[in-house]
Amino acid sequence: MNFDLRFPIGIMFSLYGLVLVIFGLASDKAIYERSLGININLVWGLVLLAFGVWMFWLARAAAKNQSGRK
Amino acid sequence: MQVTLGWLDYLILATYFAFVLGIGWMLKRYVKGSTDFFLSGRSIPAWVTGLAFISANLGAQEVIGMAASGAQYGIMTSHFYWVGAIPAMVFLAVFMMPFYYGSKARSVPEYLKLRFDEKTRGFNAISFAVMTVFSSGISMHVFAKLLGTLLGWDYLACIVLSAVIVLVYILLGGLTSAIYNEVLQFFMIVLGFFPLVFLALKDAGGWSALKDKLVPVATSQGFAPGTWSESWTHMGSTIANPMGVEWFGLVMGLGFVLSFGYWCTDFLVVQRAMAANSMSAARRTPIIAAIPKMLFPALVILPGMIAIAMHHAGGGNFLPVGKDGTPDYNMTMPTLLAKYFPTGILGIGFTALMASFMSGMAGNVTAFNTVWTYDIYQSYLAPNKSDTHYLWMGRMATVFGILLSVGCAYLASQYNNIMEMLQLVFSFVNAPLFATFLLGMFWRRATGHGAFFGLLGGTLGAVLFHGLARPENAGPIIQWADAIKGGWITQHFTFHSGMGQNFYMAAVAWTTCFVLTILISLATSRAKTDKELVGLVYSLTPKQKSEGEPWYKQPVTVGLIVLAVTALLNIIFW
């Protein structure tokens with residue numbers, strides 16, 4: 001099948017990561033009282049972004065490899 | 001308890017729905033015939049089927065239920081993973097997948113037809129079809145009720161929304177769509193709950209502080225101090241632990257009968273492995289699934305343990321408390337989400353909960369439409385039709401399956417007893433199943449009559465045992481509904497807990513089926529020749545060779561590593 005699932009996974013989590021990072025930078029610090037003072041949106045947003053980009057990169061590499069072989 | 005989602009949380013949830021539907025839409029063009037719809041054209045790579053295998057099992061009831069058990073029983077709940085899942089998954093991969101995949105059967109009931117006969121298949125197919133519809137309905141009901149209390153959402157709206165989304169993406173892309181979305185759900189669940197566990201554990205002061213905080217939880221209920229943080233130490237007798245089970249009942253009932261019966265014969269999970277693109281990928285599927293499964297206790301049980309520790313330490317106001325003063329364990333996961341997640345990441349965590357719910361439902365629906373179409377419709381109602389017709393039927397079955405589940409959810413919301421009753425009936429039917437498969441795969445002399453009447457006998461054995469046994473805390477039988485807990489013939493056996501009763505019932509059903517199948521098989525003549533059984537029975541099938549593959553692609557090697565790590569985990573948390 002010619003459909004690499006890592007593309008949508010990569011795009012979705014990159015989007016989530018990006019949104020959380022931006023929100024984390026812009027949001028009021030007071031809302032992080034419940035997350036023990038940690039800006040969890042910023043921190044976890046970066047993790048999600050990294051995961052998303054990594055998945056996307058893997059899919060891209062696989063696609064290039066395949067078209068290169070042809 | 002109420003949670004308020006912000007606009008960002010709703011945006012995250014909506015984005016997720018858009019991706020789920022988008023994947024279904026992208027896969028639409030690959031569905032050309034019934035094999036594409038029901039079996040994904042056997043074209044999916046192992047890492048995808050592996051993660052889908054575990055995700056189909058990771059329904060909302062699992063996430064919410066295991067966190068609840070973590071609070072109620074402590075680390076002992078890990079037995080459902082390290083005893084009650086991993087060994088069976090490795091066994092499925094190493095010994096059973098070659099027959100499921102190699103026989104070219106399209107479903108688990110169809111394997112029974114090839115190996116035994118029509119009646120054995122019919123029995124299994126019909127009971128399985130009914131069961132999947134009802135379990136999907138029950139989980140729908142539980143989830144809608146939860147969303148109702150949590151967010152104040154309308155019960156019916158929750159059910160319709162989730163049912164329509166699952167319906168659309170399965171109609172579009174069939175099993176492939178379900179599998180791909182299960183993988184998306186897997187990552188959503190892992191990445192959504194991990195920060196929650198991190199924050200909760202940090203709040204509790206880390207692992208060793210948590211262990212200290214769990215001491216009063218145990219002692220206040222009359223157990224030894226370490227009961228909530230040691231998984232085996234207190235398994236010596238039924239009165240020493242909150243589960244009310246001792247090690248033998250646990251290992252036999254859960255570890256052997258129930259666990260192998262579920263993981264090795266339930267089409268819901270086996271279907272994922274059958275969709276793999278090669279024999280090697282099919283065999284690796286359960287092993288790839290076993291690796292995250294092994295670590296899931298940290299994600300779903302640990303939060304429950306933290307919640308109960310905080311509950312005790314904080315004077316009993318962490319978890320919502322019911323009228324009788326005991327905490328509402330089912331609210332463990334939602335409470336933690338509300339407690340530690342600010343808006344933004346709350347959307348991620350909440351979407352993860354929603355994802356777990358939809359993956360469980362999609363698993364049931366795809367298993368149902370396949371068994372209905374191939375094993376019931378094509379076999380008994382309308383044989384010899386065109387492939388296009390069966391593809392159409394599969395789509396219809398998806399619609400009807402979901403409608404029936406919605407009906408069951410409604411039924412569950414009206415009559416709680418009926419659902420408990422049905423789940424009990426399913427446990428009667430399921431308990432003996434693994435004996436039939438074990439003898440079918442490893443003993444060529446087992447006959448169709450032996451298998452069918454053995455299964456029937458095993459089921460009756462379970463019913464009979466249930467009529468003779470009752471947990472001691474169940475109270476007397478006053479009206480008919482009280483009989484659900486057992487002992488309705490006469491109370492001959494008394495168990496310390498319902499769980500212990502259930503484990504022994506499973507062991508009795510299995511043994512009855514095992515012995516009866518052997519005896520009846522010896523008394524009846526074989527209907528299938530050795531030649532017909534090639535690819536279906538161990539001794540008549542050429543052995544799988546995987547020497548050419550690197551070690552990490554060999555099921556036996558990786559399976560042994562997984563078992564060793566699981567044993568190590570048991571020892572660490574002994």
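Modeller: Some ground rules: helices (H or I, at least four residues) and strands (E, at least two) are DSSP runs, numbered from the N terminus. This is a predicted model, where local features need pLDDT of at least 70 and side-chain atom pairs count only at pLDDT 80 or more, while totals for chains, interfaces and linings use all residues. Residues are numbered from 1 along each chain as its sequence is written, chains are lettered from A and ligands numbered from 1 in the order written, and side-chain values use heavy atoms, without hydrogens and water.

Biologist: Is A:Leu36 buried, exposed or partly exposed?

Modeller: A:Leu36 sits in the loop between H1 and helix H2 (40-69) of chain A. It has a positive phi of about 55° although it isn't a glycine. Buried means under 20% relative accessible area, exposed over 50%, and partly exposed in between (1.4 Å probe, protein chains only). At 30% relative accessibility, A:Leu36 therefore counts as partly exposed.

Biologist: And B:Asn384, is that buried or exposed?

Modeller: B:Asn384 lies in the loop between helix H15 (345-381) and helix H16 (387-414) of chain B. Its phi is positive too, about 60°, and it is not a glycine. With a relative accessible area of 78%, B:Asn384 is exposed.

Biologist: Which residues does B:Leu569 contact, leaving aside neighbours within four places in sequence?

Modeller: B:Leu569 belongs to helix H21 (residues 555-572) of chain B, and its 15% relative accessibility makes it buried. Contact means heavy atoms within 4.5 Å. With those sequence neighbours set aside, the partners are B:Trp82 and B:Met294.
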